[in-house]
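Please look at the sequence and the structure first.

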Amino acid sequence: MKKAGIIRCQQTEDICPGTTDFKFAQTGKGAFAETGPVEITAFVSCGGCPGKRAVARAEEMVSRGVEVIALASCIKNGNPLCFPCPHAEVMKAAILKKVGDKIKFLDYTH
């Protein structure tokens, strides 16, 4: 089973415990249909707008054995705030530039 890390929106930390992200990862559903079930070994925030710590946190996850990095659905789809991250594409590009050759990247979780 591959090890995965999820980067989520810092603004959702107070209202979302990430249970749906974990459920979809464990069962290989949603974006994890591409990888099959994964073990979540890291669950971090982006560090706040404009995703200022996402790249450093992605690098640290990779150094600790993460093989799949997913942006949580709060970033891509705006769940549960109904406000998708305006910095999602820049964050994704920066993460892929730094560690994209070492990991599988998923745009969302559920």
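## Helix α4 on the sheet

Helix α4 lies across strands β1, β3 and β4, and runs at about 170 degrees to β3. The model is a predicted one.

## The sheet

Four strands form an open sheet in the order β2-β1-β3-β4, and their pairing is parallel. Its edge strands are β2, residues 38-45, and β4, residues 104-106, each of which pairs on one side only. From one strand to the next, the twist averages 20 degrees.

Strand β1, residues 2-8, is joined to β2 by seven bridges in the parallel sense. Within this pairing, K2 stands opposite V38 of β2.

Two packed helices are described by the angle between their axes and the distance between the axes. Here the axes of α2 (residues 54-63) and α4 (residues 88-99) come within 9 Å and cross at roughly 40 degrees. The crossing of α2 past α4 is right-handed.

Which residues make the contact? From α2 they are A54, V55, A58, E59 and V62, and from α4 they are M91, A94, I95, K98 and V99. By type, eight residues of this contact are nonpolar and two are charged, with no polar ones.

Methods
Residues numbered from 1 in each chain as written. Predicted model: local features only at pLDDT ≥ 70, side-chain atom pairs only at ≥ 80, totals over all residues. Heavy atoms only, no water. Axes fitted to C-alpha atoms, helices over the stretch in contact; angles between N-to-C directions. Helix = DSSP H or I, 4+ residues; strand = E, 2+ residues; numbered from the N terminus. Left-handed = near helix turned anticlockwise from the far one by under 90°. Contact = heavy atoms within 4.5 Å. Nonpolar A, V, L, I, M, F, W, Y, C, P; charged D, E, K, R; others polar. Pairing = 2+ DSSP bridges.
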